[in-house]
Amino acid sequence: MQPNKANMYQLITLLLCTLSINHASSGCSKGKGSEPEPVVVPAISIEDVTLFEGNAATTAFEFNVSIDKKTTKDVTVNYTISGGTAKAGEDYVAPTTQSITIPAGSTQQKLVIQIVGDDIKEGDDSFTLQLQSPVGGTLQKQSASGTIRNDDTRVAYTNAGYEAPTAYPNYTLAWKDDFDGPALNTTIWSHQNGDGCPNVCGWGNNELEYYTDRAENLYFQNGKLIIEARPESFQGKGYTSSKIITQGKKPIKFGRIDIRAILPKGKGIWPAFWLMPDKSVFGGWPKSGEIDLMEVVGHEPAKTHGTLHFGPGPGSTQISRNWSLPAKTFNDEFHVFSLEWKQDQIQWLVDGQVFSTVTKADLGANNYPFNEEFFVIFNLAVGGNWPGSPDANTYFPQWLIVDYIRVYQ
Ligand SMILES: [Ca+2]
Ligand SMILES: [Ca+2]
């Protein structure tokens, strides 16, 4: 039978509809059950994680990646890990897979980052997970912070470095402190707490720390005194640390002082071993003098400064010398910082080598106030006019680690 034109049109339309080619035309009849499903586009979020580090192997930090509604399709999203103080390989295992899939019908999936455990004291470290390039969803909360909380108390160092002789010709040991702990020897030392207020707020240098006598800021480990500078809000300041003095307990006039230490480092970190007049017989600072045995600003961690402050005031006249390690920094191992102090002469030494000498003649017409009794100060300052403030690269906590002080006369 010869088909007529109407029959021929129906036949072609049926064929095209069957082949799903011609849906744009209205010629296809829509049967029951062929309505297109509404498109479900879920919103994707990732939650923060804060956990203790762990002491060995790895700890799984499970970040919950979720969608706000189910779909019949997989939802896939890529991620990157970056930023903060945590380092790949050292603090976390860099993930090999950089995408995660929430299977069809599910609303969440765990994104696991393995954290490297150890028993070394650190600050809390952080990193950021960033979601990107979603397929099958949109991004709602697309970044999460991982916080690796410190769970250790042991400061990492070895005893390596220079060792001072235990005797010198023409000297006898007047006193020493080996810092065997467990507490500060109060027959030698006192704490000087606070921020200097109200008399000299910021200790005259706009320093940022508040000194405390808490065990968080001063403690002992294997025969070493450790002063720890910590970032924390305390008494209106942003950092805490410690400062100890021998004032009224161990006055020194002349002799040799050896101090063996590992110094902290980083922008805004300012450790010092120094001496102030025990009785200020010539009047207030700077008239009775100040002897800075060691000062290091943490952005120059290989350079020690030795300084005398004196003069009629109100500001100080000063003579300042410095010396730098030829390699490495004072943070890498122990060094011995010394003062060789005689009538009308002061010398500074590192590891037994004199790097500077100042005599009474160098002060010219100024009063020479250094033939009197002085007391010793150890402190670890944060910020201030000289070092400036810590920056994003300054790691906390920082530690001033002192093995001993020996005073020979
Ligand atoms: Ca640990
Ligand atoms: Ca010691």
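A polar contact is a pair of N or O atoms within 3.5 Å; within protein, one must be able to donate a hydrogen and the other to accept it, and residues adjacent in sequence count only if both atoms are side-chain atoms. By this rule, four residue pairs (both at pLDDT 80 or more) are in polar contact across the interface of domain 1 and domain 2. The model is predicted: local features need pLDDT of at least 70, side-chain atom pairs count only at pLDDT 80 or more, and totals for chains, interfaces and linings use all residues. Residues are numbered from 1 along each chain as its sequence is written, and side-chain values use heavy atoms, with hydrogens and water left out.

Domain 1 covers 43-149 and domain 2 covers 173-408, with bounds from an automatic or database domain assignment. Their centres, taken over C-alpha atoms, lie 44 Å apart. Five residues of domain 1 and six residues of domain 2 make the contact (heavy atoms within 4.5 Å).

One salt bridge is counted between the domains (a side-chain nitrogen of Lys or Arg within 4 Å of a carboxyl oxygen of Asp or Glu). K121 pairs with E228 in a salt bridge, and their closest N and O atoms are 2.8 Å apart.

The whole structure holds one cavity of 30 Å³ or more. On a 1 Å grid over the protein atoms alone, a cavity is a set of points where a 1.4 Å probe fits but cannot get out; lining residues have an atom within 4 Å of a point. Residues lining the largest cavity include E53, D91 and R149.

Key:
Chains are lettered from A and ligands numbered from 1 in the order in which they are written. On a 1 Å grid over the protein atoms alone, a cavity is a set of points where a 1.4 Å probe fits but cannot get out, and a pocket is an open set with protein on both sides within 12 Å along at least five of seven lines; lining residues have an atom within 4 Å of a point. Grid points are joined across faces, edges and corners, and a volume is the space filled by probe spheres set on the points.
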